[in-house]
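Dear colleague,

Please find below the structure that I am handing over to you, shown with its sequence. My findings follow directly after it.

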Amino acid sequence: ISQINALLVTRHDVDSASPDFTVQTQQDIIATQEATTAAFRDLLAWVAGVSWVVGGIGIMNIMLATVLERTREIGVRRAVGATRADILRQFLIEAVTICLIGCVAGIIMGLVLARVISFYADWPTIVSWYSIVLAVGVSTAVGIVFGIYPANQAAKLDVIDALRYE
């Protein structure tokens with residue numbers, strides 16, 4: 001590299017402190033490509049994180065609305081013997097179920113999109129089992145984390161007030 005730089009400085013008749021050329025090696029190109037790939041990976045991770053939070057807030061809002069709509073039902077269930085833990089469990093299961101339905105839809109759309117890209121763009125696409133398991137795990141975690149507050153609100157309802165609710 002130093003010999004090529006010296007030769008080009010001589011041939012271009014320029015000062016070696018400010019040459020009008022650059023010399024790159026394969027290692028430089030690979031390092032640049034790896035840095036670009038890492039930046040895109042980090043960007044996608046942030047986008048995914050924001051998507052999970054937004055989706056989780058949507059799940060929490062749906063579940064809070066469900067608690068309000070079913071206040072009387074919660075009161076009846078508590079009156080006939082359901083414990084706070086039973087109510088909490090019911091609403092957590094519902095939140096996770098909603099998330100898993102969305103997860104399954106996303107997995108199906110992702111698999112179909114991967115096949116379409118492979119077919120039309122003639123690019124090989126690989127969907128690993130690890131990514132599917134990760135998607136199910138994250139979806140379940142989002143359902144649990146964002147379903148805890150509404151489930152807790154449902155479990156804390158007073159039986160008498162819930163039965164009176166119209």
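D86 is partly exposed in this predicted model, because its relative accessibility is 26%, a value that falls between the 20% limit for buried and the 50% limit for exposed residues. The side chain of D86 takes part in a salt bridge with R89, and the closest N and O atoms of the two lie 3.1 Å apart. Both residues belong to helix α4, where they are three residues apart, so about one helical turn separates D86 from R89. R89 likewise counts as partly exposed, because its relative accessibility is 46%.

The other salt bridges involve R70. The count for the structure comes to three salt bridges. One of them pairs R70 with E73, with 3.0 Å between the closest N and O atoms. E73 has a relative accessibility of 35% and is therefore partly exposed. R70 also meets the side chain of E94 in a salt bridge, at 2.8 Å from N to O. This pair links distant parts of the chain: E94 sits in helix α4, R70 lies in the loop between α2 and α3 (71-79), and 24 residues separate them. E94 is partly exposed as well, because its relative accessible area is 21%. Through shared partners, R70, E73 and E94 are joined by salt bridges into one network.

I turn next to the cysteines. How many disulfides does the structure hold? The number is zero. C99 is in no disulfide, and the nearest cysteine sulfur, which belongs to C103, is 8.9 Å away. For C103 the nearest cysteine sulfur is that of C99, again at 8.9 Å, and C103 is in no disulfide either.

Three helices, α2 (26-69), α4 (84-121) and α5 (129-155), each supply at least two residues of the lining. Which helix gives the most to it? That helix is α4, with eight residues. Sorted by class, the lining of the largest pocket has 14 nonpolar and eight polar residues, and no charged ones.

Finally, the aromatic rings. A search of the whole structure returns one aromatic pair. The pair consists of F119 and Y120, whose ring centres are 4.9 Å apart; their planes stand at 85 degrees, so the arrangement is edge-to-face. F119 and Y120 are both exposed.

In summary, I would draw your attention to the following points:

- Salt bridges join R70, E73 and E94 into one network, and D86 forms a salt bridge with R89.

With kind regards

Technical notes. Residues numbered from 1 in each chain as written. Predicted model: local features only at pLDDT ≥ 70, side-chain atom pairs only at ≥ 80, totals over all residues. Heavy atoms only, no water. Disulfide = S-S within 2.5 Å. Helix = DSSP H or I, 4+ residues; strand = E, 2+ residues; numbered from the N terminus. Nonpolar A, V, L, I, M, F, W, Y, C, P; charged D, E, K, R; others polar. Phe/Tyr/Trp six-rings, centres within 6.5 Å; stacked < 30°, edge-to-face > 60°. Buried < 20%, exposed > 50% of the residue type's maximum accessible area, 1.4 Å probe, protein only. Salt bridge = Lys/Arg side-chain N within 4 Å of Asp/Glu carboxyl O.
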